[in-house]
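User: Please take a close look at the salt bridges in this model and at what surrounds them. A connected account is enough.

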Amino acid sequence: MEQLKTIGRELAMGSQGGLGQSKEFLDLIKSIGEARSKAEEDHIVLTEIDTLKRRIIEPDIPKRKMKEYIIRLLYIEMLGHDASFGYIHAVKMTHDDTLFLKRTGYLAVTLFLNEDHDLIILIVNTIQKDLKSDNYLVVSAALNAVCRLINEETIPAVLPQIVHLLGHPKEAVRKKAIMALHRFYHKSPSSVSHLLSNFRKRLCDNDPGVMGATLCPLFDLILNDATSYKDLVVTFVSILKQVAERRLPKSYDYHQMPAPFIQNIGNAKIAGKCKTLIMQAAIKLLKILALLGSGDKKASEHMYTVISDIIRKCDSLSNIGNGILYECICCISSIHPSPKLLEASADVISKFLKSDCHNLKYMGIDGLGRLIKISPDIAEQHQLAVIDCLEDPDDTLKRKTFELLYKMTKSSNVEVIVDRMIDYMININDNHYKTDIASRCVELAEQFAPSNKWFIQTMNKVFEHAGDLVNIKVAHNLMRLIAEGFGEDDDTADSQLRSSAVDSYLRIIGDPKLPSVICWVLGEYGTADRKYSASYITGKLCDVAEAYSNDETVKAYAVTAIMKVYAFEMTAKRKVDMLPECESLVEGLLASHSTDLQQRACELQAVIALDVQAVDNILPIDACCEDIEIDKDLSFLNSHIEQAIERGAQPYISENDRTGMININNLRDQYHNEPLRFEAYELPKPSKIPSSTDLVLVPEPSYAREMHRASSAPSVSDTSSPELKLRLDGVQKKWGHPTYSSSTPSVSNQKSANGVIQVDEGSHVNSKPRDDSKRSQVGISPEKQKLAASLFGGSSSTPHHKRSSSSGHKAPPRSRPGATGSTSEKVAEKKLIQPPPPDLLDLGEPTSISVAPPTIDPFKQLEGLIDSNQVSSSGQTMGAALI
């Protein structure tokens, strides 16, 4: 009762002053409506944006005022401007407990946001709470938001509540829950695959609106897999029968038609109730029955009676009645054919075609096109009506009629239909539809051509007016047909056919639409009947090549055609004089970047230089249709192969033998001289601790890291000897100028074993790699460093090594004890002045060092304590200590 009182008060307030809005808001709407230009409208909206940006952030804004601001933001968005600064306030309004404000917030966010917006995560929790509300209006508002905003990732968060709402006492909530599951099926079919049985259950709901909402997801499911829903044919027929017999409430009638729409709570008012027309029940049921009855005689027999009743009872004076009749025709054309239903459909189509309404004529032409697939004789009854539609000024109706003629074409009427289609194609400017008409003309001509001559003439017309829109395969088929002729032994007829083709192509060569066909025909048959000279034909071919100077394919066709013309002239023992334009064309092709064009030009020059007998063997006259014998085994190479094997060549292994090999080592053992190795390289063995007292790491990071951990781990003897400390005298500093101990004798001997470099004491040569690396780093210019920083997000002066990357920063708690690079120069110099402690290991950067002889040899103290197992265990201990 309190909710009803609240709604009453809100409606009463809404009836005052324009739905309770301020005068400022009403003036805004009025000014936008009276704007005379887009610029004036944009000025008004931008001014409003500035005003809202200031006011919407003010503290303690009344809720009703905030609601008005959100509505004004909706107007800004609808007019194409950005109102993203107020999105968060719309999200906050969905959290309000007041029904009026909550519904306004949900309306705003569904219009403002999309399913991938970042603010969606802030609404999911509110939606979950509202779906559990006792107020069905709140639940309905939340379901509206679910259908618009929930994406694939957030479906599991609300899916249990949606399934629970399928049993809600309010039919409006059940309908919206069905719609939400339908959307989930579109977004992520796998997320609701286990809930498809719920659609079957809701099909038997007591409320016709819920049943109608269920038809939509069931239609999609049947469209994907009709076999799984064959058992529902009887149920669908029963529902359709109830609709036809007017068993549903009167509130579902529309223009005296029983339940053409299934209604749901929403936007429109019908019969005094707030309902939304979401689906035409009878039409949707007929579409479903058409899918289930396709190719199934048993299922179709259940439908015959109810479809016949609908056609008989349907009112053809209203648009909705004509719509249902049209859907009945579509259903009849899909299911197993019934003579009675086909006759009834023909009568309906006759009424449509005789109507003065273009819409009804359009439906009649479309329905006739569906029925002639089943019964071609039906079209003969409506010949005059079809001709009238073909001459109608309505272009849409004319195109639909051409589609019907395309389906009606056969050998007896192909000439008339194709001629009419070509005439229509010439007079239209729409290239998309012109392409469609041209492809249909070609298809009909190839399928129903009464003669080859008519086919060539028709193709010439198509190429003349839409040659650039025709598929290249059509050109190849045309060339093959011209070459084959009539397929009989009448050489005179074939010659006449080719001569007519040459004449027609020479006539349209000034503006060729498909130059490849023209070049091929002129090259093959341009001088065959001596009607045109070789100079004339080659000159025309040069003109084509010049006209398409940027098309390498056309130039290739042209130069090959010129070669054929000259070759045929030489075979006929006539003098060949190459035209100057042909010579310039060949010279240009010889310098072309295309190797194909260069090869064709070279072939032309080579053919002209040959004698008559050689040219006749290379390019015989009218031999383009002769079958070429292909020796797949290449038997003519057998003698060469035998000679090569006798000289020690390896025999050929067939592809089947190669693919059937399981062990590749068998092939290697069979051919000992095989230069390639097939096995992988051996993995390097782990390094051992050498007996030398001076160790320096090699640059490999993996070995250096392992040796560092193994060597720097404290052992039993180390922990028991507090006087053993890291010795830093004589160690080269990480930064600054290198410093060495002056007391070290020089020895120029350096050895490496198992990844560890042994350096004899006092080597000055060993410091050179370090100096080179330092010079290479210092030599990088600032411009390169800035470029590297802009491209890779970091300075190029710092080497990308893990061991050195942390050396220039303050050492973290897990830094290595032996990493000297983490100290500054002052600390390093201070340590050099202190009395030298016993020297252990320096496992920092791989640098060349020279150290003084230690007073205490740490390796002698560790003898007998470190073995291979202890090295690994000490490395683990050291790692644990560092962590």
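Analyst: A residue counts as buried under 20% relative accessible area, as exposed over 50%, and as partly exposed in between (1.4 Å probe, protein chains only). At 12% relative accessibility, Asp205 is therefore buried. Its side chain meets that of Arg202 in a salt bridge, 2.8 Å from N to O. The term salt bridge stands for a side-chain nitrogen of Lys or Arg within 4 Å of a carboxyl oxygen of Asp or Glu.

The model is predicted, so local features need pLDDT of at least 70 and side-chain atom pairs count only at pLDDT 80 or more, while totals for chains, interfaces and linings use all residues. Residues are numbered from 1 along each chain as its sequence is written, and side-chain values use heavy atoms, with hydrogens and water left out.

The structure holds 28 salt bridges. One of them pairs Asp96 with Lys63, with 3.3 Å between the closest N and O atoms. Lys63 belongs to helix α5 (residues 63-78) and Asp96 to the loop between α6 (87-93) and α7 (99-112), so this pair ties together parts 33 residues apart in sequence. Helices (H or I, at least four residues) and strands (E, at least two) are DSSP runs numbered from the N terminus. Asp96 is buried, at 13% relative accessible area.

Another salt bridge joins Arg399 and Asp430, whose closest N and O atoms are 3.8 Å apart. This pair also links distant parts of the chain, since Arg399 is in helix α22 (residues 395-408) and Asp430 in the loop between α23 (414-426) and α24 (431-448), 31 residues apart. Both partners are partly exposed: Arg399 has a relative accessible area of 23%, and Asp430 one of 32%. Elsewhere, salt bridges with shared partners connect Glu24, Glu48, Arg55, Glu68 and Arg72 in one network.

The axes of α24 and helix α25 (residues 452-466) come within 10 Å and cross at roughly 170 degrees. Axes here are lines fitted to C-alpha atoms, for helices over the stretch in contact, and angles run from 0 to 180 degrees between N-to-C directions. The two helices are thus roughly antiparallel, a term for angles over 145 degrees. Contact means heavy atoms within 4.5 Å; among the residues that meet are Lys434, Ala438 and Cys441 in α24 and Trp454, Phe455 and Thr458 in α25.

How values were computed. Parallel < 35°, antiparallel > 145°, perpendicular 65-115°, else oblique.
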